[in-house]
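Open the model in your viewer and keep the selection tool at hand. The stops below go from strands to charges to cores.

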Amino acid sequence: MRARAVAAALTAVLVPATPAAPAASAAPVAAEGRPYLYLEGPPGTVLQDTLSLTNPGRRPLTLRLRATAPWVAFAANPVTVPPRTRADVPFSVTVPPDAPPGDHTGALLARGGTGGGVTVPVRLRVGGPRLAALTVEDVRISGEAIHYTLVNRGNTVLEPRLAVRAEGLFGEVLHRPERPLRLELRPGRRVGLSEPWAGRDRPALDRVTVRLDATAGGGTRAGAEATGAFGTRWAGGASAAALAAAGAVTWRTRRRGRGARGADG
């Protein structure tokens, strides 16, 4: 079965045998203007495509091939490319019958004898029901930042966005609207991240509850929160007593306000 392959001619430098030797390149055959190789098929099938290796130099070039993409086998390895010649190397992707549906990423790598190399990114999509699932975990507040972990619990690649809010005893202390994280989260991947406090946002003496809300494509949403106290580490019991008193004043004020509204009603 022939795989779907769309990729641009991707060129990177191999360390040449002589300083004057030109760079080699690697690319999928039948490039169509995108910077990666794309393959798609259901579990239990064999996908086939071809990698093109070009040697514009004056000497033969021997390349060893390696794949970080799953289930890849090359028809020949290593490959010796004659001078000023292109060698097309077939490869196959054997998708196991029990392969989970969704996106799998990796790369095909060609390495020269002197340690240089080129890389062609690969994206493999296994057919079947797609599940987009995201969680926010391990939220922790420190004096420097808000720390948290994003986990992709589904089988599709996610590009998450994040909004941050923090409420103290006297109202809102932080509000960062939703924004992209410039992160590609592969299925099963966990990434630890942090939101540093800006100078004006960091509470000096307060008890703060932080709320993190993450979204991704397909309506995926996740959220988590944590509470932390500021000031108690440096000022000891006096700060703790001040926080407790502030909480009591806030509670009494709110309670009194509700009572007044009830009397007016």
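Start with strands β10 and β11. Select residues 145-152 for β11; 6 bridges join this strand to β10, and the two run antiparallel. Strands here are DSSP runs of E, at least two residues long, numbered from the N terminus. Two strands pair if DSSP finds at least two bridges between them. Within this pairing, Val136 has Leu150 in β11 as its bridge partner.

Before going further, a note on the source. This is a predicted model, in which local features need pLDDT of at least 70 and side-chain atom pairs count only at pLDDT 80 or more, while totals for chains, interfaces and linings use all residues. Residues are numbered from 1 along each chain as its sequence is written, and side-chain values use heavy atoms, with hydrogens and water left out.

**The three-stranded sheet**

The open sheet of 3 strands runs in the order β10-β11-β14, with antiparallel pairing. β10 (134-141) and β14 (190-196) are the edges; each has a single partner strand, so one side of each lacks a neighbour in the sheet. On average, neighbouring strands of this sheet are turned by 25 degrees against each other, direction ignored. The axes behind that angle are lines fitted to C-alpha atoms; angles run from 0 to 180 degrees between N-to-C directions.

Next, pick Glu144, in the loop between β10 and β11. Buried or exposed? Glu144 counts as exposed, at 61% relative accessibility. The classes are buried under 20% relative accessible area, exposed over 50% and partly exposed in between, with a 1.4 Å probe and protein chains only. Show contacts, meaning heavy atoms within 4.5 Å. Not counting residues up to four places away in sequence, Glu144 touches Pro196 and Trp197. Draw a C-alpha distance from Glu144 to Ser194: 9.4 Å, for residues 50 apart along the chain.

**Charged pairs**

Now colour by charge. Side chains of opposite charge can pair when their charged atoms come close. The structure holds 13 salt bridges. Each is a side-chain nitrogen of Lys or Arg within 4 Å of a carboxyl oxygen of Asp or Glu.

Select Arg190 and Asp138. Their closest N and O atoms are 3.3 Å apart in a salt bridge. Arg190 belongs to β14 and Asp138 to β10, so the pair ties together parts that are 52 residues apart in sequence. Arg190 is partly exposed, at 46% relative accessible area; Asp138 is exposed, at 51%.

Move to Glu195 and Arg176. Their side chains meet in a salt bridge, 2.7 Å from N to O. Glu195 is in β14 and Arg176 in β13 (residues 171-180), 19 residues apart, so to speak of distant parts of the chain. Both Glu195 and Arg176 are buried. Then select Glu137, Asp138, Arg153 and Arg190: salt bridges that share partners join these residues into one network.

One further pair is Arg165 and Glu167, whose side chains form a salt bridge at 3.5 Å, N to O. Arg165 is partly exposed at 41% relative accessibility, and Glu167 is partly exposed at 35%.

**Around β7**

Jump to β7, residues 85-94. 10 bridges join this strand to β3 (residues 46-55), running antiparallel. β5 (residues 72-74) also pairs with β7 in the antiparallel sense, over 3 bridges. Click Ser92 in β7. Gln48 stands opposite Ser92, and Ser92 is also the bridge partner of Ala73.

Stay in β3 and pick Asn55. Asn55 is buried, with a relative accessible area of 5%. Its side chain reaches the backbone oxygen of Pro82 at 3.4 Å. Leaving aside neighbours within four places in sequence, the contacts of Asn55 include Pro60, Leu61, Val81 and Arg84.

**The cores**

Finish inside. A nonpolar core is a set of buried Ala, Val, Leu, Ile, Met, Phe, Trp, Tyr and Cys residues joined through side-chain atoms within 4.5 Å. The largest has 26 residues, and Val136, Val210 and Leu212 have the most contacts inside it. Two or more residues each come from β10, β11, β12 (161-168), β15 (206-216) and β16 (220-230). β15 gives the largest share, 5 residues.

Select Leu212. Beyond four places in sequence, Leu212 touches residues including Val136, Ile146, Leu162 and Ala222. Apart from this core lies another, of 25 residues, among them Leu61, Ala69, Phe91 and Leu124.

Key
Helix = DSSP H or I, 4+ residues; strand = E, 2+ residues; numbered from the N terminus. Polar contact = N/O pair within 3.5 Å; in protein donor to acceptor, adjacent residues only side chain to side chain.
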